Amino acid sequence: MYPIEIVSPMKAELTEKGFQELLTPEQVDAALQKPGTALLFINSVCGCSAGTARPGVIMAALNSPKKPDQLLTSFAGFDIDAVRQARTYLLPYPPSSPAIALLKDGQVVHMIERHMIEGRPAQMIAANLAQAFETYC
């Protein structure tokens, strides 16, 4: 488990932009069982999270004409039980952090795994998400 001093600023980057933190399995279930669309970002301390994933998710959430009904986040390696529960909604995708999932009525309709984030600029991730929002939101 990572120390709060490390993860706190990384969490704040998202919550200050309107993302709701999912800290418990119960919060995960309550959020992901709601009808409509939800963007779920599994946050992480890795460099690709800081360099491209978080900025890309934020760009998409703030600038896309169509947006998901919910912006959600949970932190891998810190919100252990919540992330474990969130990953049950992401099957059959294997655990990945960071990971970005767009769900509609509790089902994954678009997924960006770590290997799709690494080496790609934030603008590319934002554009990918904006297209998914246009299609599903």
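Me: Strands are DSSP runs of E with at least two residues, helices are runs of H or I with at least four, and both are numbered from the N terminus. In which strand is Asn-43 found?

Reply: Asn-43 is found in strand 2. That strand spans residues 37-43. This is a predicted model, so local features need pLDDT of at least 70, side-chain atom pairs count only at pLDDT 80 or more, and totals for chains, interfaces and linings use all residues.

Me: Is Asn-43 buried or exposed, and what makes it so?

Reply: Buried means under 20% relative accessible area, exposed means over 50%, and partly exposed lies in between (1.4 Å probe, protein chains only). Asn-43 has 1%, so it counts as buried.

Me: Which elements does the protein have, and in what order do they run?

Reply: There are 6 helices and 5 strands. From the N terminus on, the order is α-β-α-β-α-β-α-β-β-α-α.

Me: How do you know whether the protein agrees with a compact globule?

Reply: Take the radius of gyration over C-alpha atoms; the globule rule is 2.2 Å times the number of residues to the power 0.38. For 137 residues the rule gives a value near 14 Å, and the protein has 13 Å, so the two agree. The C-alpha atoms fill a box of roughly 40 × 30 × 30 Å along the principal axes. Buried residues make up 47% of the 137. Of the contacts with a separation of 6 or more, 74% join residues 24 or more positions apart.

Me: Why do the buried residues of helix 1 line one face?

Reply: Helix 1 covers residues 4-15, and its buried residues are Val-7, Met-10, Lys-11 and Leu-14. The arc is that of the directions from the helix axis to the C-beta atoms. Here the buried residues fall within 100 degrees, so they line one face of the helix. An α-helix has 3.6 residues a turn, so residues three or four places apart point the same way.

Me: What does that buried set pack against?

Reply: The buried residues of helix 1 pack against strand 1 (20-21), strand 2, helix 3 (47-63) and strand 3.

Me: Which residues are buried in helix 2?

Reply: In helix 2 (residues 25-32) they are Val-28, Ala-31 and Leu-32. Their arc is only 85 degrees, which puts them on the same side of helix 2. They pack against strand 2, strand 3 (70-75), helix 4 (80-89) and strand 4 (99-104).

Me: Is Glu-26 buried or exposed?

Reply: Glu-26 has its place in helix 2. A relative accessible area of 57% is why Glu-26 is called exposed. Its C-alpha is separated by 9.6 Å from that of Asp-81, 55 residues apart along the chain.

Me: What makes Phe-19 count as buried or exposed?

Reply: Phe-19 is found in the loop between helix 1 and strand 1. Its relative accessible area is 4%, so Phe-19 is buried. Leaving aside neighbours within four places in sequence, Phe-19 contacts Leu-14, Leu-39, Val-57, Ala-61, Leu-71, Leu-72 and Thr-73. The C-alpha atoms of Phe-19 and Thr-73 are 54 residues apart along the chain and separated by 6.4 Å.

Me: Where does Leu-90 lie, and is Leu-90 buried or exposed?

Reply: Leu-90 lies in the loop between helix 4 and strand 4. At 4% relative accessibility, Leu-90 counts as buried. Beyond four places in sequence, Leu-90 touches Leu-40, Ile-42, Ala-101, Leu-103, Val-108 and Met-111.

Me: Which backbone features stand out around the prolines and Asp-105?

Reply: Most residues other than glycine have a negative phi, and most peptide bonds are trans. The bond from Leu-91 to Pro-92 is cis, with omega near 15 degrees. The bond from Ser-97 to Pro-98 is also cis, with omega near 0 degrees. Asp-105 has a positive phi, near 50 degrees. Asp-105 is found in the loop between strand 4 and strand 5 (107-112).

Conventions. Residues numbered from 1 in each chain as written. Heavy atoms only, no water. Contact = heavy atoms within 4.5 Å.
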